[in-house]
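Hi everyone, thanks for making time. I'd like to walk you through one model today, going region by region. Let me put it on the screen.

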Amino acid sequence: MPLDADLSAWLRLSLTPGLGGEALRRLLLALGGPGQVLAARRAELAKYVGETVAASIRDYDAAPALSTAGAWLEEAVNDIITLADTRYPRQLLEIPDPPPLLYVKGRVELLSRPALAIVGSRNATAQGLANAEAFARTLSDAGLTVVSGLALGVDAAAHRGGLAGSASSVAVLGTGADIVYPARNRALAHELAAGGALVSEFPLGMKPLAGNFPRRNRLISGLALGCLVVEAAADSGSLITARLAAEQGREVFAIPGSIHSPLAKGSHALIKQGAKLVESARDVLEDLRRGAPSAPAPALVTDPRAQRLLDALGHEPCDLDTLAARSELPVAEIGALLTQLELDGLIATLPGGLVQRLHR
């Protein structure tokens, strides 16, 4: 995509210090396109944005930033779409503060497809990660693109599930689109660029500043029909996304957890406030009136002793002594069986010598 005069004007205005999205939209409404704004006299601009910002619009040297953007656009997977672009996602036009432009790496068309936001704790439990990936895979196969924020934990698991399904996944970044944060998700970001999309409203080169992430959350929810919270502590940033989703008129869903788990407190609070309790992807799909997909095949356990161990494990974390008493299996056998079950992705080991069954 070439950096033509129109796009250069959009970029220059979006990068002008002190000129926020609301003020820019006010100027466009009053004066026309970005070219007309840049051609306007300072006194005319000041009527709408004040003297200081008007001076900034007239004096800002955007040449270095335009050069950076031009070089970035030379890569085929990179794109920039503006409010005037027919590819701009219509659902973002429904939110109170749509960004003037979006930097996109990957499949731009995914931004306009039916989507569900999936968010949750960065320090999720093994079961929480399994839930996020399994829900995302099923919902993606049902036609919902999975939107999340590329954070560690639930976000990353949701992206992996979405990429594995047919509708793929979109990551909304709190940095410039040329920066991967956190660095541990670099490989995942490359997968998203190849088969999904990475999107940011922030300028290229923008570092991961703390204030960026609550702001990007409005786009995570804004791109989606609803928001599913998998695991969240009482003070989780995921609750910000859920609140924004509700304010934007999106559906809010939450997966309940153990009453003893601090990572269930946020989800339970949402349910008390009116979020829909979900136990399966089918619950989400039925609520969104999209029709449920066929149920995935259950994991096959061929060893009857392993199945006996799973049945004895139940649904909460359990120590080995309790497991031995419940299953009435020799401790020597339990260790080998647990290893195989963990390799099969059916259980997870937890701190303190505990094990937990993973439901997929």
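Predicted model: local features only at pLDDT ≥ 70, side-chain atom pairs only at ≥ 80, totals over all residues.

Residues are numbered from 1 along each chain as its sequence is written, and side-chain values use heavy atoms, with hydrogens and water left out.

So, the loop. Pro89 sits between strand 1 (78–82) and strand 2. Is Pro89 buried or exposed? Its relative accessibility is 0%, so it counts as buried; buried means under 20% relative accessible area, exposed over 50%, and partly exposed in between, with a 1.4 Å probe and protein chains only. Setting aside neighbours within four places in sequence, Pro89 is in contact with Ile81, Leu102, Leu111, Ser112 and Leu223, where contact means heavy atoms within 4.5 Å. Take Leu223: 134 residues separate it from Pro89 in sequence, yet the C-alpha to C-alpha distance is 7.5 Å.

Next, the aromatics. A pair of aromatic rings is described by the distance of the centres and the angle of the planes. Here rings of Phe, Tyr and Trp (its six-membered ring) pair if their centres lie within 6.5 Å; planes under 30 degrees apart count as stacked, over 60 as edge-to-face and the rest as tilted. How many aromatic pairs does that rule give? The count is two. In one, the rings of Trp72 and Tyr103 have centres 6.0 Å apart and planes at 70°, so the pair is edge-to-face. It links distant parts of the chain, with Trp72 in helix 5 (residues 63–73) and Tyr103 in strand 2 (residues 101–106), 31 residues apart. Both Trp72 and Tyr103 are buried.

In the other pair, the rings of Tyr181 and Phe213 have centres 5.8 Å apart and planes at 45°, so this pair is tilted. Tyr181 lies in the loop between strand 5 (169–172) and helix 8 (186–195) and Phe213 in helix 9 (residues 212–222), so the pair ties together parts 32 residues apart in sequence. Tyr181 counts as partly exposed at 43% relative accessibility, whereas Phe213 is buried at 16%.

Now to helix packing. Helix 14 (residues 320–327) and helix 15 (residues 331–343) have axes that come within 10 Å and cross at roughly 105°. The axes are lines fitted to C-alpha atoms, for helices over the stretch in contact, and angles run from 0 to 180 degrees between N-to-C directions. That makes helix 14 roughly perpendicular to helix 15; angles under 35 degrees count as roughly parallel, over 145 as roughly antiparallel, 65 to 115 as roughly perpendicular and the rest as oblique. Leu320, Leu323, Ala324 and Ser327 of helix 14 make the contact with Val331, Ile334 and Leu338 of helix 15.

Last stop, helix 10 (residues 238–247). Its buried residues include Ser238, Leu239 and Thr241. Among the elements covering the buried residues of helix 10 are strand 3 (115–119), helix 9 and helix 11 (265–272). After helix 10 comes Gly249, with a positive phi near 80°.

Terms used
Helix = DSSP H or I, 4+ residues; strand = E, 2+ residues; numbered from the N terminus.
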